[in-house]
Amino acid sequence: MKTFVVFLFSIHIVVESVWQNPGFCGTYECPEYTLDEQGKGYEKRFYATATWVSTSAAGSYKNATTTTFSKLQSYLKQLNAEAMAVPYVTMMFPTVGLNVVQNFTQFFFIKPSLRPAPEPIDTSIQLKVVPPKHLYIRTVPIHVTSTADWVKQANLLASSINDTSKYYGTFFFTAEYNLPSESGKRYSEVWFYAMN
């Protein structure tokens, strides 16, 4: 009598997920993230490492962000006529709670196809590789054009999270996904860095 030995092999197929821009990014590339948590009035996302270019200005929201946007757009145009990606993010530093904002740092996302990006000639512009981050995010349902409106949205995000130990409250970010010149429906967000 012959004995047959049967070996069973387990085959595991690993499929890498391919990042697909969410609909609100439109035709632009935007940073990769995964959704960690869906809360009432907010999301918690985990963003992958990304390269950003930034510059700062002080003064009124309109004047400061017009200056920073122009500088960063000029830098991107040196890279490629089609270099724009979204969102463009503005970091706001409140001077009293979330009530008064006079200092702004604006960031443009550098899409992967443009990396490594060259160092800016203008010393007021910096390139920064931002390590992975957890962010609390609120979708802003209105077109925001003033500091007061952004502060209101940041306060609504803080109320939704309802736990100041979960995020850094000394600054917040605004994220806009449409260029200022674009007409029609707009999409924007307000962000807090999560503590973990």
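User: The side chain of Gln106 is joined by a polar contact of 3.1 Å to the side chain of which residue?

Analyst: This is a predicted model, in which residues are numbered from 1 along each chain as its sequence is written; local features need pLDDT of at least 70, side-chain atom pairs count only at pLDDT 80 or more, and totals for chains, interfaces and linings use all residues. Side-chain values rest on heavy atoms, with hydrogens and water left out. A polar contact is a pair of N or O atoms within 3.5 Å, where within protein one must be able to donate a hydrogen and the other to accept it, and residues adjacent in sequence count only if both atoms are side-chain atoms. At 3.1 Å, the side chain that meets Gln106 in this way belongs to Thr68.

User: How far from the side chain of Gln106 is that of Thr90, with which it makes a polar contact?

Analyst: Gln106 lies in strand β5, where helices (H or I, at least four residues) and strands (E, at least two) are DSSP runs numbered from the N terminus. Its contacts (heavy atoms within 4.5 Å), leaving out residues up to four places away in sequence, include Val53, Phe69, Leu72 and Thr90. The polar contact between the side chains of Gln106 and Thr90 has a length of 3.0 Å.

User: Is Gln106 buried or exposed?

Analyst: Buried means under 20% relative accessible area and exposed over 50%, with partly exposed in between, for a 1.4 Å probe and protein chains only. Because the relative accessibility of Gln106 is 2%, this residue counts as buried.

User: How many residues make up the largest nonpolar core?

Analyst: A nonpolar core is a set of buried Ala, Val, Leu, Ile, Met, Phe, Trp, Tyr and Cys residues joined through side-chain atoms within 4.5 Å. In the largest such core, Trp52, Phe108, Tyr177 and Trp191 have the most contacts, and the number of residues is 35. At least two of the core residues come from each of β3 (50-58), α1 (61-79), β4 (88-94), β5 (101-110), β7 (133-140) and β8 (172-176). Another core lies apart from it, with Tyr42, Ala57, Val144 and Ala154 among its 20 residues, whereas the largest core has the number asked for, 35.

User: What is the angle between the planes of Tyr33 and Tyr47 in their aromatic pair?

Analyst: Rings of Phe, Tyr and Trp (its six-membered ring) pair if their centres lie within 6.5 Å, and planes under 30 degrees apart count as stacked, over 60 as edge-to-face and the rest as tilted. The whole structure holds 18 aromatic pairs. The rings of Tyr33 and Tyr47 are 5.1 Å apart, centre to centre, and this tilted pair has an angle between planes of 40 degrees.

User: How many residues apart in sequence are the parts that the pair of Tyr33 and Tyr47 ties together?

Analyst: Tyr33 is in strand β1 (residues 33-39) and Tyr47 in strand β2 (residues 42-47). Tyr33 counts as buried at 17% relative accessibility, and Tyr47 is buried as well, with a relative accessible area of 7%.

User: Over the ring of which residue does the charged end of Arg45 sit?

Analyst: A charge sits over a ring if NZ of Lys or CZ of Arg is within 6 Å of the ring centre and within 35 degrees of the ring normal. The charged end of Lys133 sits over the ring of Tyr193, 5.1 Å from its centre. The charged end of Arg45 is 4.5 Å from the centre of the ring of Tyr33.

User: Which residue in β9 stands opposite Phe173?

Analyst: Two strands pair if DSSP finds at least two bridges between them. Strand β9 (residues 188-193) has five of its six residues buried, and it pairs in the antiparallel sense with β7 over six bridges and with β8 over four. On the β9 side, the residue opposite Phe173 is Trp191.
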